[in-house]
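Dear colleague,

I am handing over the structure we spoke about, and my notes on what I found in it follow below. Please read them with the sequence and the coordinates open beside you.

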Amino acid sequence: ALVQRREITERHIGSAYILSAAIGTGLGLALWFSRDLIEDGLAMSGLGEILKALAWVLPVSAIGKPASRLLQRELKFRYIALAESGSYFVGWVVVGPGLALLGLDVWALVAAHGVATLSLALSMLVASRASITIQSSWAATRDLVSFGGGVSLSTVLLFIGMNLDRLFIGHAFGAYQLGLYSRAFDLMGRVYTVSDNTISKPLFPAFSSRQDQAARLKPAYFRAMKIVGLACLTIAAVTVVLSEEIVTLLFGRRWLEASPILQVAIL
């Protein structure tokens with residue numbers, strides 16, 4: 001909503017920070033108190049402690065979201081790219097593997113995720129510090145929710161639909177098979193993630209700034225969709241043919257059991 005609205009005020013920005021922080025905190029508390037229920041549902045001993053450690057990630061991530069959207073609105077994609085790459089490098093290239101080599105196993109993944117999220121949120125807040133405010137109003141909140149509420153609801157429903165299968169596989173077959181399944185689907189999803197980050201993020205604010213020029217936007221939108229579709233189909237075809245080589249290159253030969261799952265996921 002911060003990106004899509006033609007004009008925003010300090011009250012819109014303040015309302016976005018307060019609303020986002022409140023939702024993130026609520027979700028973090030929900031995860032904290034439901035951790036044992038989730039552990040029992042997935043039949044994975046020790047999962048509750050991991051979820052408890054990750055619960056704080058949700059409010060931290062939520063606090064940084066309005067800042068990142070303000071940067072997106074201002075088309076500062078160079079900084080966004082550097083911040084996202086830098087936080088990923090610190091968390092998943094330095095901290096995670098370093099702790100894994102020290103024998104911390106799954107806690108290395110927890111630390112990597114936490115450090116990456118914290119560093120990204122801080123980077124966004126520092127970059128947009130001049131815009132940070134807590135001024136708010138019910139009218140400004142209503143403006144944001146009228147557009148953002150529908151987007152948020154569709155995102156939540158999509159997340160549930162995309163993860164019900166993982167809940168079933170984790171409960172029925174255990175952590176090992178769920179690990180193979182998750183790696184394959186996450187690798188398949190990288191095609192979407194790359195196109196989303198490199199194409200959708202710049203297009204959305206660019207289109208939003210010209211939302212009253214439908215005659216010009218329509219052909220541009222369909223042209224962009226064709227380019228994205230052709231690129232994704234090409235990448236998908238190559239991935240199906242070279243699935244074993246790709247899995248070996250990215251994860252090592254011990255993960256080759258994920259190769260046929262990857263082929264099915266891509267198709």
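Leu178 lies in helix α7, which covers residues 175–208, and in this predicted model Leu178 has a relative accessible area of 14%, which means that Leu178 counts as buried, the limit being under 20%. Leaving aside its neighbours within four places in sequence, Leu178 is in contact with Met44, Arg166, Ile169 and Gly170.

The nonpolar cores come next. The largest of them has 12 residues, and its members are Leu2, Ile13, Ala16, Tyr17, Ala67, Leu70, Leu71, Ile80, Ala83, Met124, Leu125 and Leu144. Two or more residues of this core are given by each of the elements α1 (10–42), α3, α4 and α5. Apart from it lies another core, of 9 residues, and among them are Leu42, Leu47, Leu51 and Ile169. To return to Ile80, a member of the largest core, its contacts, not counting residues up to four places away in sequence, are with Ser68, Leu71, Gln72 and Met124.

Helix α4 deserves a paragraph of its own. With 25 residues, α4 reaches 34 Å from its first C-alpha to its last, which is close to the 36 Å expected at 1.5 Å a residue, although there is also a kink of about 30° in α4, centred on Phe89. The buried residues of α4 are Ile80, Ala83, Ser87, Gly91 and Gly96, and what covers them includes α3 and α5. After α4 comes Gly103, whose phi is positive, near 90°.

Helix α1 is kinked as well, by about 60°, and the kink is centred on Ser34. The residue Ala43 follows α1, and its phi is positive, near 55°.

Two further residues with a positive phi may interest you when you check the backbone. Most residues other than glycine have a negative phi, and most peptide bonds are trans. Leu75, however, has a phi near 60°, a positive value in a residue other than glycine, and Leu75 is found in the loop between α3 (57–73) and α4 (77–101). Asp105, which lies in the loop between α4 and α5 (106–127), has a phi near 50°, again a positive value in a residue other than glycine.

The side chain of Thr239 reaches the backbone oxygen of Ile235 at 2.7 Å. Leaving aside neighbours within four places in sequence, Thr239 is in contact with Ile246, Leu262 and Ile266.

Ser259 is found in helix α10, residues 259–266, and at 2% relative accessibility Ser259 counts as buried. Which side chain does the side chain of Ser259 meet in a polar contact? The partner is the side chain of Ser243, at 2.8 Å. The residues that Ser259 touches, not counting those up to four places away in sequence, are Ser243, Glu244 and Val247.

Lastly, the aromatic rings. The count comes to 4 aromatic pairs, and one of them is formed by Tyr221 and Phe222, whose rings are 5.5 Å apart centre to centre with 75° between the planes. This pair is edge-to-face, because planes over 60 degrees apart are placed in that class. Both residues of the pair have some accessible area, for Tyr221 is partly exposed at 41% relative accessible area, and Phe222, at 45% relative accessibility, counts as partly exposed too.

With best regards

How values were computed
Residues are numbered from 1 along each chain as its sequence is written. This is a predicted model: local features need pLDDT of at least 70, side-chain atom pairs count only at pLDDT 80 or more; totals for chains, interfaces and linings use all residues. Side-chain values use heavy atoms; hydrogens and water are left out. Rings of Phe, Tyr and Trp (its six-membered ring) pair if their centres lie within 6.5 Å; planes under 30 degrees apart count as stacked, over 60 as edge-to-face and the rest as tilted. Buried means under 20% relative accessible area, exposed over 50%, partly exposed in between (1.4 Å probe, protein chains only). Helices (H or I, at least four residues) and strands (E, at least two) are DSSP runs, numbered from the N terminus. A nonpolar core is a set of buried Ala, Val, Leu, Ile, Met, Phe, Trp, Tyr and Cys residues joined through side-chain atoms within 4.5 Å. Contact means heavy atoms within 4.5 Å. A polar contact is a pair of N or O atoms within 3.5 Å; within protein, one must be able to donate a hydrogen and the other to accept it, and residues adjacent in sequence count only if both atoms are side-chain atoms. The expected span of a helix is 1.5 Å times one less than its number of residues. The bend at a residue is the angle between axes fitted to the seven residues ending there and the seven starting there.
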